[in-house]
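Open the complex in your viewer and keep the selection panel at hand. This tour goes stop by stop.

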Amino acid sequence: MITDLIIQTLVLPIIFSFSMVMTIKPSGWLRIFLFLLFFTLTLFWVRGFPSLTFSEPLDWIPYFILVIAFSTLNKSSIIRIASCTSIFFVSLVIYSWPILENSNALIVFLEIGLFAFILLSISSRQVSLNHPALVICITATGLALVTLMSGSALLAQLAGIIAALLGGFVLYEFRPFKAKLKTSPQLDANEQLFFSSLVLSLIFISRIYTEIPLLACITLALSLLLGFLVPLKTSFLISLILSGSAVIYVSLTKIG
Amino acid sequence: MKNSSSKFLQAIQFTVLTKYISSQAIANNKSLKLKLVFTLALAILISAVQMPVYAANTPPGNYKIDPNHSSVLFKVSHLGLSNLLGRFNVFSGNFTHDATGKPKVKFTIQVKSVDTNHQKRDAHLRGPDFFNAKIFKTIRFESNEVKLNQSKQPIELRGKLSLHGKTKQVIFNIKTIGAGKDPWGGFRVGYTANTSIKRSDFGMKFMPNGVGDKIEITVHIEAIKQK
């Protein structure tokens with residue numbers, strides 16, 4: 001069981017993304033769709049084939065991410081940003097739909113608006129020079145730990161798979177060996193948008209269905225946002241501090 | 001008929017017992033012992049009257065499940081090494097015996113009430129990995145067929161079980177425990193029902209190696225006839 005878990009969550013995603021970085025150029029659609037395909041197949045492996053009744057948020061997630069991936073291909077940056085954000089907004093509404101009747105709809109919509117605004121802010125920035133893969137990897141790792149402590153090993157595993165996929169980039173970027181790069185290891189703008197929307201979707205789903213404290217969710221989302229927006233080479237340290245804070249906060253509230 | 005004859009027998013037993021005790025007490029002239037034995041005889045009589053008498057045929061009518069004297073239990077394998085027991089604490093239901101003696105059963109369980117004697121595991125079970133109780137709040141069973149034995153007791157109950165957004169046909173094996181009047185003038189009936197399901201049939205496929213696929217369900221029911 002532990003071997004399966006390590007293979008699914010760590011080994012395969014890192015090998016896959018590392019080989020992607022080595023062989024396929026970042027600009028273009030191919031890498032995004034291969035990442036999407038890998039994530040979707042791993043999701044089916046971990047969770048089983050999704051229900052065609054689409055009654056749970058995780059039944060929807062591959063399809064929405066596919067639509068978001070398509071929308072990132074638009075050449076016009078304004079259309080790309082607008083379509084991505086609006087599709088993301090609609091996806092969050094659908095994820096939260098089953099619980100809206102028993103929740104304060106206004107608060108849920110405010111949270112959706114906040115997450116959509118964060119994605120909009122990330123997508124407005126074209127290409128980050130501040131280790132974007134590391135920033136998303138740190139946030140996804142923080143999310144994996146937070147969801148694990150909040151009672152969902154499944155969401156933790158999915159966040160772990162995303163972190164490991166970005167781990168392939170990080171491994172290449174901070175490699176100990178000095179091979180000459182044929183392609184840039186950096187995530188391009190579309191890939192940043194793709195992975196950011198995936199991580200933000202999982203943070204939102206975890207918030208709604210495993211009742212992660214709002215403060216921890218906002219801290220994780222800010223870890224992603226500030227990691228991109230702060231114009232420092234060491235902005236990933238901000239992500240590390242914020243994600244670490246979210247993990248400590250949840251461990252104090254859930255475990256303590 | 002069976003009830004009235006058993007009461008007549010109890011009355012005879014009581015008369016014989018008290019006469020015997022009285023004669024013994026006079027002979028021994030021990031009034032304290034007499035009081036003690038009288039009290040004992042009275043206690044036996046009261047308990048005999050209160051004990052529901054098994055009735056071959058449950059009278060037709062509507063029955064409401066008494067949650068205070070019923071339980072919903074499940075058993076599942078953990079790591080293939082041992083079995084874990086759990087229960088649902090909040091449920092409700094009713095059934096109707098029609099003229100043919102075939103009960104129509106409706107039963108609803110609140111998923112949030114899952115209890116495995118471990119708070120964190122219960123939170124995990126309620127979450128998106130398993131029951132996803134925020135979306136699928138209840139487990140429902142509605143019978144559509146019942147098989148009776150020669151003495152018209154139900155032995156098999158077929159019906160639709162709705163769990164985790166999926167509905168499947170399941171078969172419960174039924175054992176009638178007893179039926180009869182309670183001390184408060186009502187009529188009660190008790191059953192035990194067993195079945196087993198595969199959780200993967202209901203879309204709960206996560207952690208197949210850690211948590212067994214087969215779930216054994218046992219329901220102990222005590223129901224009160226509605227007036």
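**Stop 1: the whole complex.** This is a predicted model. The predictor assigns the complex an ipTM of 0.81. The pTM is 0.80.

**Stop 2: the interface.** Select the residues where the two chains meet. On chain A, 18 residues are in contact with 15 residues of chain B. Now pick out helices H4 (77-100), H7 (153-173) and H8 (189-210) of chain A: each supplies at least two residues of the side that touches chain B. H7(A) gives the largest share, three residues. Colour that side of chain A by residue class. You get eight nonpolar, seven polar and three charged residues.

**Stop 3: helix H7(A).** Select residues 153-173 of chain A. Where does H7(A) bend? Centre on Gly167(A): the helix bends there by about 25°. Next, take the distance from the first C-alpha of H7(A) to the last. The 21 residues reach 29 Å, close to the 30 Å expected at 1.5 Å a residue. Then show the surroundings of H7(A). This helix is mostly covered, with 19 of its 21 residues buried.

**Stop 4: chain B by confidence.** Colour chain B by pLDDT. The average is 82, and 74% of the residues score at least 70. Select residues 1-9 of chain B. Here pLDDT stays under 50, and the model has four contacts beyond four places in sequence. Move on to residues 47-55 of chain B. Their pLDDT is also below 50. Beyond near neighbours in sequence, this stretch has 19 contacts in the model.

How values were computed:
Residues are numbered from 1 along each chain as its sequence is written. Chains are lettered from A and ligands numbered from 1 in the order in which they are written. This is a predicted model: local features need pLDDT of at least 70, side-chain atom pairs count only at pLDDT 80 or more; totals for chains, interfaces and linings use all residues. Two residues are in contact if their C-beta atoms, placed from the backbone, lie within 7 Å. Helices (H or I, at least four residues) and strands (E, at least two) are DSSP runs, numbered from the N terminus. Ala, Val, Leu, Ile, Met, Phe, Trp, Tyr, Cys and Pro count as nonpolar, Asp, Glu, Lys and Arg as charged, and the others, Gly among them, as polar. The expected span of a helix is 1.5 Å times one less than its number of residues. The bend at a residue is the angle between axes fitted to the seven residues ending there and the seven starting there. A residue is buried if 20 or more other C-beta atoms lie within 10 Å of its own, exposed if 12 or fewer, and partly exposed in between; C-beta atoms are placed from the backbone. pLDDT is the predictor's confidence in each residue, from 0 to 100.
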